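I set out here what I looked up in this structure, entry by entry.

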Amino acid sequence: MFWEYRLVLLRGLAFNAYVFLAAAAVALSVGLIAALLRINRAWPFRWIGTLHVEVFRNAPDYIMVVWVHFVLPLLLGAAIGRRIEFHPFVSAVIALGFVYSGYFAETFRAGIQSIPLGHIEAGRSCGMSEFLILRRVVLPQVVRRMLPEAINQFVSLFKATTIVSLIAVPDLMYQVSMVIQQEMKPLPLYTSAALTYFAVIYVVAGLVRLLSERWRNRIYA
Amino acid sequence: MDAIPAIRVVDIRKSFGTLEVLRGVSFDVHRGNVVSMIGASGSGKSTLLRCINRLETPSAGEVYIDGEPMGAVEGRDRPLSEINRMRRDLGMVFQQFNLWPHMTVLGNVIEAPIRVLGMSRKAAAALGEECLARVYLSEKAREYPARLSGGQQQRVAIARALAMRPKAMLFDEPTSSLDPELTDEVLTVMRELAKAGTTMIVVTHEMGFARDVSHRVLFLHNGQIEEEGSPAQVFGNPKSDRCRQFLSKHLQ
Amino acid sequence: MGNWERLVWNQRGVLLQGLMVTVEVCLIAFVLAVLGGLALCLVRMYMRPLKPLAVLLTEFFRATPIFVQLMWVTYVWPEIFGWPNSFFTAGWVALGLQSSGYLAETFRAGIEAVPRGHREAGYSVGMSPVLVFGRIVLPQSLLTVAPSIVNQFTVIVKSSTLVSVITVQDLMFQALKLVNVWYEPIEILTATAGIYIGFIFLVSTAGKMLADMLRQRYGLAAA
Ligand SMILES: Nc1ncnc2c1ncn2[C@@H]1O[C@H](COP(=O)(O)OP(=O)(O)OP(=O)(O)O)[C@@H](O)[C@H]1O
Ligand SMILES: [Mg+2]
């Protein structure tokens, strides 16, 4: 049964991957900006960063996806005086990207604050600019430090991509429910869907964790 | 002696809030000279060193590197980019080494020459190897800092500072966080730098080093220079009582 | 403002009713998650022959998306087990199972963090293993993992929005129904998102304060 539909379902799984990759890119970049705002010396920036984190960390994925899909286009449309609609894929990426940017911001912040000030001062005393220090001294270390936590968040994000079927992004769950509507056989289909997600997440996450540990161990000997 | 000192410190003052840490410090360091700075904990030695390369901004006073003012030019504060340019001329070695753990030993040494001085990777690598040879660590070039002993790490930090070909080197208690048996290897390297004519300011509790190597010794107390002179003068016949007390505690 | 009054304030009864259902589902799921997580973790640590099963279940609950699990429990379990017989039950079962996987790992970390010497001290004064576990190991580990437990409750609340998909009439369900009646999503959905965010913020802040208080009272530094 599952095998019959493997091509359709694989295409669905690919959509999970697309949403995941695009949302991860949004989450990482917005998260980094929010983290930098949160540790800024000027309080208005700190305040904006904190607000960002508290809103998105406490927001359920599903309501945000629905909100971005149905409300945001209306608000933007009113602002520019033209009717607009978001493609479901776009809504999914924006919503999940922003929700997870809240989590990544905290991870980034903890990572940045864990870098000893001396490493930064060593850079300054070599005449490096603040931006160069951020790029070459701070961020590479932050990435290594936050990796274990970030992998967990990537796993959560990937799992969250399954809800995009609810706004009709044709992902694996969407395809499965379509097939179920035709065939009326939820048992094999939902079971296989669960097993597929389980296998993909378990294997990929395990592999990534293993590799990242090797990489980190080289430095923190 | 030349007319323009390598480093001239003029009436530097620094306060943290209401705490006055430096109360007007002035001295010159001439080219090729070693100046040792001694003094009790909290007397302001680190703060003074950090004011010299502007890791701290002094509340008042000025530092001149080869006659060029560090803080202000034509009455206006230098932008950070210019301070960065001037900092290249001062190599700094910290008590805590502060090596970047995610780069190899050679990577640490050639990072700034490549990114700040714009050297080619090849030229920088050659320079890096040369600097590592001066601290006797050529064979560790490809290790990561975490695999080195404290003494080795500190020597890498010295090589990293040397690679910028600075006009002077600043050392802030470079051996204080090392086990006693590891201090000698670092002091040896520093002695050789001094012999090669490197201009240095060394904050240290190693009185033997200060006596043998330096041209001048400054004794700091409460944010001021309480005593200064040649090692023979300061160690042999200190004028100030406080300096005498300090020395009697630190010279076994 | 008129819209807000018409679409949100005047509908507050329905929305509140939904919120109550959300709270109900989440609390039941949370109890299941704590008990299930404790069971999985104890079996894994102290019942050798059943360990592989416990590990498999834990990993399966953790690595499967909640939405997929919800569908699976709702539409597949009745076919296999003849249960759950209502969508409401299916909702809290799915939510509880997933979190039980996470809590099992949390509890295990907490138990492993209790120094060996504390247990040995218990044995040396003649306490039985059960007594040592109940009086020494468990209370300490619960204190250390208290913040993670609170966090897991907020995860349950966030995931609970999905039970609306299987027609459990929670806050999300009521909000979407209102949107379908009025065709004016802006105020309703914004208010609903605000309620969720505010509610979860309150829960996690209160939970954190409680956890810190407990840990301070018992001499564990707040993390
Ligand atoms: N960033 C800072 N903010 C506030 N106070 C500071 C700061 N840095 C240093 N101080 C204070 O300035 C005084 C001098 O500190 P400094 O580190 O210069 O002393 P030191 O002579 O280097 O001592 P040590 O031998 O312990 O290194 C101390 O009282 C210290 O607490
Ligand atoms: Mg000091």
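Predicted model: local features only at pLDDT ≥ 70, side-chain atom pairs only at ≥ 80, totals over all residues.

Which helices each supply at least two residues of the lining of the second largest pocket? I found helix 5 (88–113), helix 6 (117–125) and helix 7 (130–160) of chain A, together with helix 2 (80–87) of chain B. Helix 7 of chain A gives the largest share of this lining, with five residues.

I next looked up the pocket itself. The volume of the second largest pocket is about 780 Å³. It is lined by 22 residues, and those closest to its centre are Arg41(A), Leu117(A), Ile120(A), Arg124(A) and Glu130(A). Sorted by class, I recorded 13 nonpolar, three polar and six charged residues in the lining.

I then turned to the chains. Two pairs of chains touch, and the pair with the most contacts is A and C. Chains B and C do not touch, their nearest C-alpha atoms being 26 Å apart.

Of the area that chain C buries against chain A, 18% comes from Phe67(C), Lys158(C) and Ile197(C), more than from any other three residues.

Last, I examined helix 8 (residues 129–160) of chain C. Its end C-alpha atoms are only 38 Å apart, whereas a straight helix of 32 residues would span 46 Å. I located a kink of about 60 degrees in this helix at Val145(C), shortly before the proline Pro147(C).

How values were computed
Residues numbered from 1 in each chain as written. Chains lettered and ligands numbered in written order. Heavy atoms only, no water. Helix = DSSP H or I, 4+ residues; strand = E, 2+ residues; numbered from the N terminus. Expected span 1.5 Å × (residues − 1). Bend = angle between axes of the 7 residues up to and from the residue. 1 Å grid on protein atoms, 1.4 Å probe; cavity = no way out; pocket = protein on both sides within 12 Å on 5 of 7 lines; lining within 4 Å. Points joined across faces, edges and corners; volume = space filled by probe spheres on them. Nonpolar A, V, L, I, M, F, W, Y, C, P; charged D, E, K, R; others polar. Contact = heavy atoms within 4.5 Å. Buried area = accessible area lost by both parts, 1.4 Å probe.
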